[in-house]
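Trainee: Could we go through this model together, one feature at a time?

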Amino acid sequence: MKKEIIINSTNEDTRIALLENGKLVEIFVERPDNERMVGDIYKGRIRRVVKGMQAAFINIGFEQDGFLHFSDMGDEVNQLFADIDEEAIEGKQKKKDVDPPDLLRNGQEINVQIIKEPIITKGPRVTTELTLPGRFMVLAPNQDRVGVSRKISSAQERKRLRALARKIRPKNFGIIIRTVAETKDETVLKQDLQKLLRTWRKVQAEMKKSQPPKLIFKDLGMASSVIRDLFTSDVQRVVVDSRKMYREIHRYLKDVGSDLLNRLEYFKSRKPVFDAFNIEEELQKSLQRKFWMKNGGYLIIEQTEALTSIDVNSGRYFGKRDHERNSLKINMEAAREITRQLRLRDIGGLIVIDFIDLEVEQNKVKLLNELKKELAHDRAVSRIAEMSKFGLVEMTRQRIRPSLIYNINEPCPMCEGAGLVPTQGTVLAGIERIIRRYVASDGDRRINIRAHPNLIEYLNNKRFSRRFRLMWKYWIKIGTVVDASLKHFEYRILVQKTGEDITEKFS
């Protein structure tokens, strides 16, 4: 399977696309006001313990409290609290005999790490089992386990790495060897381990002197973390359209001693990189409720806070007279496309799929096996139930961050959340892409942006405004025209000299 990572960076956002055999399968979007949180460590304070829910709510400085389920608590008492009540664990019971949840009390200081980002009205999910990810391994303080990635196919190589990990593992630390460590020697792994140990010492020092709520450790940004986690030997190349980000990734790969430096490419064309790889069109399709498949069938994907429903329809497909065979063919194609859409839209939680009815039991088994086979390529963990008597397939998919539709859209103020409109950052990113395409066409370098007053203010606020940064970046003169008749997210781009509207031509 041919894998590629394509990175598009603008003033407003960074978008990272993962392609498999030329098809878009995953997309990551990060903005300055919406940075990646998974992996961040906080010193927090317990606001409320709810034993009936088997959970506690932790104030870590967010609008919504962090959610700590008792199952996400480690067994080592010393790593949990910043102010352990020694009396509670002395006397008749020894420390190792104490169940950590029994020590939780309101107002207590506690160290936690985010494992799931906030989603709509829900706060982040946190754990007390802290870990620090490196390039070749994950360090787990106050643990004794040694693990090796299951994605390393060779049993002999896994055995070698496990023995190596046991050899270099410091006391009171666990080590999990990552996929990219395959074939690496002891020296490389030791260097990664020493970096992680230095980081952990800094984290410990910060924990001791900080007052909650306080961010103790910030994990890598989206681009660097994707390179760390996804840039493995089976990725043919990484293409970046930003010199600054190219230098950052190059520096990171060099620092960790990666042998994949020659697969990093800078995209020099004036054409937007997502256009060159046909990603932009696929990305727009992924935001639509109705998705057409190549065989003429289509999917209706409805996302709600509670669950996601997917309906499979035959649409324009005209097969042979055998209804069962036609239904199976559409369903098999739908199973492949559904798994891709789940990854691309980053849909998590409960998912219900309504396939076209099948009568033959063997065909139902074949369909479920196809769905499971395709989900094996997904990094997120999924569980699938058997097809119900109503022909429905219920499944769950691991949710770590908000799905794509909530990441690049925000609730519409006009309809109080009944619909979605692009965020101002998304709108500005779209304007920048139009400007880039227009500049590449060698048009007149004087344009006007006509938009709603709120969007014009967003463009012009601050001395070194977003409009000024666009002019400097593309060496083009940009004027602004207020038009209250346009919606908050609508805009028109006009050539100053002729008044020609170029919005649709270059969008």
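Mentor: Let us begin with a definition: helices (H or I, at least four residues) and strands (E, at least two) are DSSP runs, numbered from the N terminus. This is a predicted model, in which local features need pLDDT of at least 70, side-chain atom pairs count only at pLDDT 80 or more, and totals for chains, interfaces and linings use all residues. Residues are numbered from 1 along each chain as its sequence is written, and side-chain values use heavy atoms, with hydrogens and water left out.

Trainee: In which loop does Asn142 lie?

Mentor: Most residues other than glycine have a negative phi. Asn142 has a positive phi, near 60°. Its place is the loop between β10 (137-141) and β11 (146-148).

Trainee: Is Asn21 buried or exposed?

Mentor: Asn21 is found in the loop between β2 (14-20) and β3 (23-30), and its phi is also positive, near 55°. Buried means under 20% relative accessible area, exposed over 50%, and partly exposed in between, with a 1.4 Å probe and protein chains only. Because its relative accessibility is 53%, Asn21 counts as exposed.

Trainee: What is the omega of the peptide bond that joins Pro212 and Pro213?

Mentor: Most peptide bonds are trans. Pro213 is found in the loop between α2 (186-209) and β13 (214-217). The bond joining Pro212 and Pro213 is cis, and its omega is about -5°.

Trainee: How many of the 17 residues of α10 are buried?

Mentor: Helix α10 (residues 424-440) reaches 24 Å from its first C-alpha to its last, close to the 24 Å expected at 1.5 Å a residue, where the expected span is 1.5 Å times one less than the number of residues. Just after α10, Asp442 takes a positive phi of about 60°. The helix is largely enclosed by the rest of the structure, because the buried residues number 15 of the 17.

Trainee: What accessible area do Phe464, Phe468, Trp472 and Trp475 have together?

Mentor: Nonpolar patches are made of residues with over 30% relative accessible area and no salt bridge, their side chains (Val, Leu, Ile, Met, Phe, Trp, Tyr) joined within 5 Å; a salt bridge is a side-chain nitrogen of Lys or Arg within 4 Å of a carboxyl oxygen of Asp or Glu. Phe464 is in the loop between α11 (453-460) and α12 (466-474), and counts as partly exposed because its relative accessibility is 46%. By the Shrake-Rupley method with a 1.4 Å probe, where only the protein chains shown count as cover for residues, the four together have about 540 Å².

Conventions
Patch = residues over 30% accessible without salt bridge, like charges linked within 9 Å, V, L, I, M, F, W, Y side chains within 5 Å.
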